[in-house]
Amino acid sequence: MTAPNSTTALLTLSHGSRHPAAAASVAALTRAAGELAGAPATAAHLEFNDPPLEEAAHNLAEQGVREAIVVPLLFTEGYHQRVDVPAALAQASAASGVTLRQARGLGTGEDMARLLAQQVPEGTDTVVVYSVGSSDERANAAVADLARRVGELTGCAAEVSFATRGERRPVGPEGSQEVVVPLFVSPGLLLDRLEGDSRHTSEQPRRVLPPLGEALAGIVSHRYAEVAHA
């Protein structure tokens, strides 16, 4: 076990979003995680938002930073995590001269299950974990397992819904209290679409919780520490 170098920065890497509030939300999460980790922190994005990873790495180099730990703000081991992120890190590191070490992503493990369970208010009958969805069925299965674990922790019925599949779930029993927990780091257009969905009546209320945002700071900080202290 070695102590992290004082100049080892935390660099979060989001997928990016066209939503106008997404980048600011990621920046706030990154600041909060950096404070917990005791490390200089900055955000970067794979697409849609600025700065891209290579630009963020160049900015760190100009500040005298020679090493950064990159925490992908991704929940599953889908294509972005397995292919896009390592390729982006290699390119940005070569271009900037900054050593970029990849940490684990956010994941769907026990720490994430407990975080989601903490968001669920008392009196909830059904909790729905709402995810973007993936073309990789293993990634979707991991989210389904996460939803089951959230159900176990909360004592609620638990389901999963994938936005990109255009799923339309049946309405639950009359009077049931349903809470949707978005597996989203930041605001997104798909989440806005869900919030605007008026399929549920007032007798069958569905509460859509906000994206996780700064609540993820502890997990991001822990992912940084796993690499920094390895």
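Q: How many nonpolar, polar and charged residues does the lining of the largest pocket have?
A: Happy to start there, with a predicted model in which local features need pLDDT of at least 70, side-chain atom pairs count only at pLDDT 80 or more, and totals for chains, interfaces and linings use all residues. Residues are numbered from 1 along each chain as its sequence is written, and side-chain values use heavy atoms, with hydrogens and water left out. Ala, Val, Leu, Ile, Met, Phe, Trp, Tyr, Cys and Pro count as nonpolar, Asp, Glu, Lys and Arg as charged, and the others, Gly among them, as polar. By that scheme the lining has 16 nonpolar, 17 polar and 1 charged residues.

Q: Which residues of α7 are buried?
A: Helices here are DSSP runs (H or I, at least four residues), and strands are E runs of at least two, numbered from the N terminus. Buried means under 20% relative accessible area (1.4 Å probe, protein chains only). On that basis, the buried residues in α7 are A217, I219, V220, S221, R223, Y224, V227 and A228.

Q: What covers the buried residues of α1?
A: Nice one to trace in the viewer: the buried set of α1 includes A22, V26, L29 and A33. Contact means heavy atoms within 4.5 Å. The cover includes β1 (8–14), β2 (41–45) and α7 (217–228).

Q: Which residue follows α1, with a positive phi?
A: Helix α1 spans residues 22–37. The residue after α1 has a phi near 65°, and that residue is G38.

Notes. Expected span 1.5 Å × (residues − 1). Buried < 20%, exposed > 50% of the residue type's maximum accessible area, 1.4 Å probe, protein only.
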